[in-house]
Amino acid sequence: MSVNKEIKRVTTHTLLKLKQEGTPISMLTAYDYSFARLIDEAGIDAILVGDSASNVMAGHETTLPITLDQMIYHAASVIRGVSKALVVVDLPFGSYQGNTKEALASAIRIMKETGAHAVKIEGGAEIAESIKRIVDAGIPVMGHLGLTPQSIYKFGTYSVRAKEEAEANKLKSDAKLLEEIGCFAVVLEKIPATLAAEVSKSLLIPTIGIGAGNQCDGQVLVMHDMLGLNNTFKPRFLRQYLDLHDQVVGAVGKYVSDVKARSFPSESEQY
Ligand code: KIV
């Protein structure tokens with residue numbers, strides 16, 4: 001076995017330690033080797049190979065169409081670019097809801113065929129048995145509560161979840177349950193900041209928020225969104241750190257005009 005002694009890998013234990021120290025955890029999505037490499041080099045703690053690949057990589061309207069085989073392809077590519085960050089992979093819609101055996105088989109495929117370090121599953125009490133079975137098999141599981149995009153057709157919209165007391169109470173008890181059955185962390189998506197703060201305080205395991213305020217133990221964003229690849233998606237929770245849409249369109253436009261004008265390649269760019 002070759003072990004790189006220089007690099008201290010982030011593990012699920014590192015994330016717990018960061019919570020205990022009060023140091024926020026940074027997480028971004030990635031779906032391919034090249035961006036995973038850049039994000040890892042920049043010092044991200046954890047990378048999520050999210051089923052948002054269905055949207056940003058494949059152009060689907062929802063996360064539902066992406067398959068387990070496609071997630072495995074993306075995750076294996078990401079893993080080849082990462083030497084430090086913890087890599088978590090989404091179990092896609094349809095790969096775990098059937099029964100606990102199916103859920104475990106899907107999680108095992110992800111771990112075996114990609115080299116990833118953990119899986120993420122959307123849902124609370126309804127899928128607790130499956131999560132337990134996966135955890136019992138030695139596979140770290142990250143939970144995901146609040147706006148769970150795989151249930152978009154049940155919710156009807158992508159608006160903020162758990163604003164009403166009943167849903168907030170269910171979310172709180174689901175979060176406790178996920179901790180009890182062994183999840184190492186839980187994503188809280190698009191819920192009121194006060195609720196996310198309360199849940200984060202009540203749990204020993206870290207919470208990773210997206211649209212859930214700054215009192216979560218960490219934050220996750222979809223990389224394509226924070227880099228501004230899509231100039232039409234600007235939800236309130238998103239901070240855009242680059243405007244890659246305009247930069248890429250500008251650069252490609254310049255290349256096109258250089259080619260048309262025969263100014264590319266120049267003498268120094270040929271053999
Ligand atoms: O698939 C994804 O990108 C996610 C994040 C939004 C948390 O689940």
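This is a predicted model: local features need pLDDT of at least 70, side-chain atom pairs count only at pLDDT 80 or more; totals for chains, interfaces and linings use all residues.
Modeller: Let's start with a term: a crossing of two helices is right-handed if the near helix is turned clockwise from the far one by less than a right angle.

Biologist: OK, and what do you need to describe how two helices pack?

Modeller: Two numbers: the angle between their axes and the distance between those axes. For α5 (residues 100–114) and α6 (residues 128–136), that's an angle of about 45° and axes 8 Å apart.

Biologist: Why is α5 called oblique to α6?

Modeller: Roughly parallel needs an angle under 35 degrees, and roughly perpendicular starts at 65. About 45° falls between those cut-offs, so α5 counts as oblique to α6.

Biologist: How do you know which residues of α5 and α6 meet?

Modeller: The test is heavy atoms within 4.5 Å. On the α5 side, Thr 100, Lys 101, Ala 103, Leu 104 and Ala 107 pass it, and they meet Glu 129, Ser 130, Arg 133 and Ile 134 in α6. That contact splits into four nonpolar, two polar and three charged residues. Lys 101, Glu 129 and Arg 133 are in this contact, and Lys, Glu and Arg count as charged, so those are the charged ones.

Biologist: Now α8 (residues 165–180) and α9 (residues 193–202): at what angle do they pack, and how far apart are their axes?

Modeller: The angle is about 25°, with the axes 10 Å apart. The cut-off for roughly parallel is under 35 degrees, so α8 is roughly parallel to α9. Their crossing is right-handed too. From α8 you get Ala 168, Leu 171, Lys 172, Ala 175 and Lys 176, meeting Leu 195, Glu 198, Val 199 and Ser 202 in α9. Sort that contact and you find five nonpolar, one polar and three charged residues.

Biologist: What about α4 and α5: how do their axes cross?

Modeller: The axes of α4 (residues 68–81) and α5 come within 9 Å and cross at roughly 35°, and the crossing is right-handed. Among the residues that meet here are Ile 72 and Ile 79 in α4, and Arg 109 and Ile 110 in α5. The contact holds six nonpolar, two polar and three charged residues.

Biologist: Let's switch to the backbone. What makes Lys 190 stand out?

Modeller: Most residues other than glycine have a negative phi. Lys 190, though, has a positive phi of about 45° without being a glycine. You'll find Lys 190 in the loop between β6 and α9. Arg 262 does likewise, with a phi of about 55°, in the segment after α11.

Biologist: And what kind of peptide bond joins Phe 264 and Pro 265?

Modeller: A cis one, with omega about -5°. Most peptide bonds are trans. Pro 265 sits in the segment after α11 (244–260).

Biologist: Last one: how much space lies in the largest pocket?

Modeller: About 650 Å³. It is lined by 29 residues, and Ser 52, Asn 55, Val 222, Asp 225 and Phe 233 are the closest to its centre. α3, β4, β6 and α10 each give two or more residues to the lining. By type, the lining has 13 nonpolar, eight polar and eight charged residues.

Conventions. Residues are numbered from 1 along each chain as its sequence is written. Side-chain values use heavy atoms; hydrogens and water are left out. On a 1 Å grid over the protein atoms alone, a cavity is a set of points where a 1.4 Å probe fits but cannot get out, and a pocket is an open set with protein on both sides within 12 Å along at least five of seven lines; lining residues have an atom within 4 Å of a point. Grid points are joined across faces, edges and corners, and a volume is the space filled by probe spheres set on the points. Helices (H or I, at least four residues) and strands (E, at least two) are DSSP runs, numbered from the N terminus. Axes are lines fitted to C-alpha atoms, for helices over the stretch in contact, and angles run from 0 to 180 degrees between N-to-C directions. Angles under 35 degrees count as roughly parallel, over 145 as roughly antiparallel, 65 to 115 as roughly perpendicular and the rest as oblique.
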